[in-house]
Amino acid sequence: MRSSIRKKLLLLIAALSLALIAASVLISSKLYSDSLKRGAMLSCTEAADSLASSIDSEHYSFITGYADKVKAVYEENREELEEASGYEFESFEKREEYYSRFTEGIFPPRHGLGLSYEMLLFNTEYHLVLDSMDMLSYTGGMETASVFYYDRANGNLVYLIDRMPEGSVRYNFPVSVKKPGDERLKAALDGCVSVTTEDGVDYASLSPVPCSDGRVFVYFTKHAAEIPGSVRLFSFYTFAILLGATLAIGLVVLLFADRLIVKNIKKLSAASERFTSEIGGGRPEKVSADIGAGDEIGDLSNKFDLMQDSILGYISSLAEKTAREEKINAELELAARIQSEALPRGGLSAGRASLASFLKPAREVGGDLYDYFMLDESRMFFCLADVSGKGIPASLFMMRAKELIKSLAVSCGSLGEFAFTLNNELCAGNEESIFITAFFGVLDTASGVMFFLRAGHEQPMLRRGGKVTAIGEESNFVLGVFEDAEFIPDEIALCGGDALLLFTDGLNEGINDRAEEFGYQRIANTLAGAQGDITGALYHALCGFCGDAEQFDDVTMLVLTMDDDLTLEIDDPDYDDITKVTDAVLGALYGFDPERVSETGILIDEVMNNQISYGLEGAAAPRITVRLRLCESEAELVFEDNGRAFDPLSDVTDEAAALSEGGFGIRLVKSMSDSQHYERDGDINRLTLKKCLQKKL
Amino acid sequence: MEAVIEKNGTTVTVVPEGRLDTVTSAALKEQLACCETAGLDFVFDFEKVDYISSAGLRLLVAVQKKTRAEGHSMSIKNINPVVREVFRVSGFNKAFTVL
């Protein structure tokens with residue numbers, strides 16, 4: 001559509017011109033045609049009137065005399081002549097021959113001459129009239145010119161003089177009859193008035209000769225068949241001239257418009273095309289359309305220049321911004337790496353406790369934080385915290401908090417003091433009101449006693465014996481908001497086999513495609529059933545739940561597990577195995593009240609001595625299993641063997657047996673343990689002893 | 001366990017160490033059998049004994065029977081609370097001379 005304006009303009013001019021030309025041609029040809037017709041009628045009328053008055057004034061006596069003679073012949077032979085007017089003669093000569101006998105009486109033939117009517121040619125006045133008729137016919141372009149005698153009674157026109165056009169054979173002899181066909185002619189004849197009738201392109205004018213008293217009429221006809229032709233020619237010329245003129249005008253307008261508008265628009269178009277390719281090619285520069293015109297297009301060109309300026313400005317600022325953003329993104333990536341590298345890896349094991357950590361960072365730097373380290377040989381410190389917000393502010397705050405936590409944990413005497421000091425440090429200068437939710441724990445890795453402090457963080461979940469419960473019902477304030485807030489730690493004793501899960505909201509608030517949260521219940525269910533790698537199982541479950549939905553938050557977990565029961569399985573046992581079991585169990589109980597630990601050794605010795613000495617008799621593949629399970633300060637010892645069913649506890653009721661060799665042992669067992677329970681489970685004897693390892697106060 | 005056995009005039013002093021249970025009592029019994037202890041008073045110094053089980057008690061009962069039969073005495077000294085409790089529970093605190 002590049003030359004669309006030009007095309008439109010051309011079409012518009014053509015349409016307008018054609019309409020104008022058509023209108024002009026129609027109107028002018030109508031006017032022309034009318035004037036031609038009017039002229040034809042006028043010339044016809046004038047010719048008839050002029051001949052009539054000429055005859056009246058100059059040939060009066062001739063014509064009346066002549067008319068009387070014709071009238072006499074006509075009246076005598078009227079019926080025959082009327083009939084003859086309908087004849088078709090074979091030739092001019094036949095007609096001449098026929099009419100000669102009627103004219104003989106009028107024009108007596110002279111000697112030496114031929115036919116009677118030719119005698120008329122020798123009549124001077126007849127000749128003069130004929131000359132007038134010739135002249136009038138010639139100048140007016142008449143077709144026929146005749147002078148009639150009018151027989152009013154019979155309505156017949158009787159020829160007196162008929163001009164013979166050159167070369168014509170249709171000469172009407174005097175006395176031949178003609179019936180006037182036109183009603184208006186008849187009316188004019190009867191009323192003795194002049195009339196011109198129009199019949200298509202033929203005109204007929206009738207004028208009475210005044211002196212003849214209504215008997216002699218002049219009759220002229222004009223054939224104007226050339227009028228439509230000349231009108232067409234006129235129209236054609238008009239059309240051609242107008243077309244030529246409008247084409248010339250249109251061309252001028254077009255050239256002018258082209259020069260003024262289209263060329264400039266093309267220039268603008270080319271400039272904008274060049275500018276577009278400039279933009280595509282790296283270092284764009286301004287392209288001037290170079291239009292000097294002071295009209296609207298010049299204005300448009302100026303605006304185009306302004307637009308280029310602003311686009312170039314925008315592009316350069318965008319490029320700067322993009323470069324800046326790329327740099328920031330690279331730095332952010334680095335920051336996220338540094339941040340995650342600042343967190344400890346590989347877990348920590350001490351005494352009966354093992355700690356495993358898990359961190360799956362979201363895309364940007366975050367505020368999740370955990371740490372763990374030993375405060376001394378047996379006390380393990382661990383914490384999991386979440387800084388409010390995301391991005392750089394959160395991560396900076398998090399790094400600061402991490403260093404504070406580490407230094408304060410070592411220097412403070414209690415968890416309450418630690419949290420108090422940490423909170424005040426974080427409050428100081430915290431204009432942004434960034435806060436931290438956290439869970440801190442200090443675990444005695446030997447006894448399993450754990451002091452903990454929950455500051456607004458998610459409640460950790462404790463798995464014990466297949467059941468999962470949330471701990472730390474009461475929460476302290478979040479950190480970093482309330483200065484001088486008091487923090488009160490809580491205490492719980494962890495047992496062998498316990499698993500404590502700490503997590504940030506990235507876990508429970510993980511969402512799937514239907515915007516459902518992973519939630520606490522799914523965490524608890526997964527934790528309850530997890531074997532071995534608990535954090536791995538939880539993350540796997542989270543990923544399975546979330547599917548492809550993008551996760552926006554870090555997923556951070558700490559799992560603290562207490563070494564499970566000491567389990568010793570002995571096949572084909574002998575007495576030396578007692579020593580092995582005793583060493584292992586007493587080693588596991590290191591740190592408890594030594595007397596009670598010693599008493600536990602007696603329990604093992606007595607029960608295993610019994611099992612080996614008596615219980616396993618007859619067993620095909622003798623096997624003893626000893627389990628130790630610590631819960632708080634209570635030790636649970638489970639002894640199993642596959643010997644015959646035997647309840648060692650029942651024997652003691654028998655006084656004699658009690659005093660027998662083996663009886664001492666059972667007495668000691670009952671005395672040294674806090675509870676005893678025997679059961680037969682299939683082909684297994686199971687004796688369960690519980691012993692409190694702390695001195696009762 | 002290797003107990004220290006010292007003869008000093010008419011007295012033999014036995015100093016066991018650690019646990020006195022099924023295994024160690026059997027070992028101590030063998031160790032005593034190798035020594036010529038006839039006609040000597042027995043003194044068990046339990047200074048280093050952590051605890052004693054019924055097997056250990058049976059060894060003490062056996063030694064006491066033997067020394068009594070020879071007209072000598074057997075005494076036990078420096079017992080810790082655990083051992084004292086075992087003696088009490090088993091009723092041997094009345095049968096043994098505990099110094």
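## Chain A at a glance

Of the 697 residues that make up chain A, 44% count as buried, where buried means under 20% relative accessible area, exposed means over 50% and partly exposed lies in between, with a 1.4 Å probe and protein chains only. Welcome to a predicted model, in which local features need pLDDT of at least 70, side-chain atom pairs count only at pLDDT 80 or more, and totals for chains, interfaces and linings use all residues. Residues are numbered from 1 along each chain as its sequence is written, chains are lettered from A and ligands numbered from 1 in the order in which they are written, and side-chain values use heavy atoms, with hydrogens and water left out.

Chain A holds 17 helices and 22 strands; these are DSSP runs numbered from the N terminus, helices being H or I with at least four residues and strands E with at least two. Its radius of gyration is 70 Å, well over the 26 Å that the globule rule gives for 697 residues, so chain A is more spread out than a compact globule. That radius is taken over C-alpha atoms, and the rule is 2.2 Å times the number of residues to the power 0.38. Along the principal axes, the C-alpha atoms of chain A fill a box of roughly 210 × 65 × 40 Å.

Take the contacts in chain A (heavy atoms within 4.5 Å) between residues at least 6 apart in sequence: 66% of them join residues at least 24 apart. Chain A exposes about 36100 Å², and carbon and sulfur atoms supply 55% of it. Accessible areas come from the Shrake-Rupley method with a 1.4 Å probe; for residues, only the protein chains shown count as cover.

There are 65 positive and 111 negative charges in chain A, and their mean positions are 8 Å apart. Lys and Arg count as positive and Asp and Glu as negative, while His and the chain ends are not counted. Each charge is placed at NZ of Lys, CZ of Arg, CG of Asp or CD of Glu.

## Aromatic rings

Over all chains, a search of the whole structure finds 30 aromatic pairs. One of them is A:Tyr150 with A:Phe217, an edge-to-face pair with 5.9 Å centre to centre and 90 degrees between the planes. The two residues are 67 residues apart, with A:Tyr150 in strand 1 (residues 144–151) and A:Phe217 in strand 6 (residues 216–223) of chain A. Both A:Tyr150 and A:Phe217 are buried.

Rings of Phe, Tyr and Trp (its six-membered ring) pair if their centres lie within 6.5 Å; planes under 30 degrees apart count as stacked, over 60 as edge-to-face and the rest as tilted. Ring pairs also join A:Tyr87, A:Phe89, A:Tyr98, A:Tyr99, A:Phe102 and A:Phe173 into a cluster.

## A look at A:Tyr60

A:Tyr60 sits in helix 2 (residues 60–76) of chain A and, at 44% relative accessibility, counts as partly exposed. Leaving aside neighbours within four places in sequence, A:Tyr60 is in contact with A:Ile55 and A:Cys211.

## Meet chain B

Chain B has 4 helices and 7 strands, and its elements run β-β-β-α-β-β-α-β-α-α-β from the N terminus on. Its radius of gyration is 12 Å, which agrees with the value near 13 Å that a compact globule of 99 residues would have. The C-alpha atoms of chain B fill a box of roughly 30 × 25 × 20 Å along the principal axes.

Buried residues make up 51% of the 99 residues in chain B. Its accessible surface comes to about 4700 Å², of which 49% belongs to carbon and sulfur atoms.
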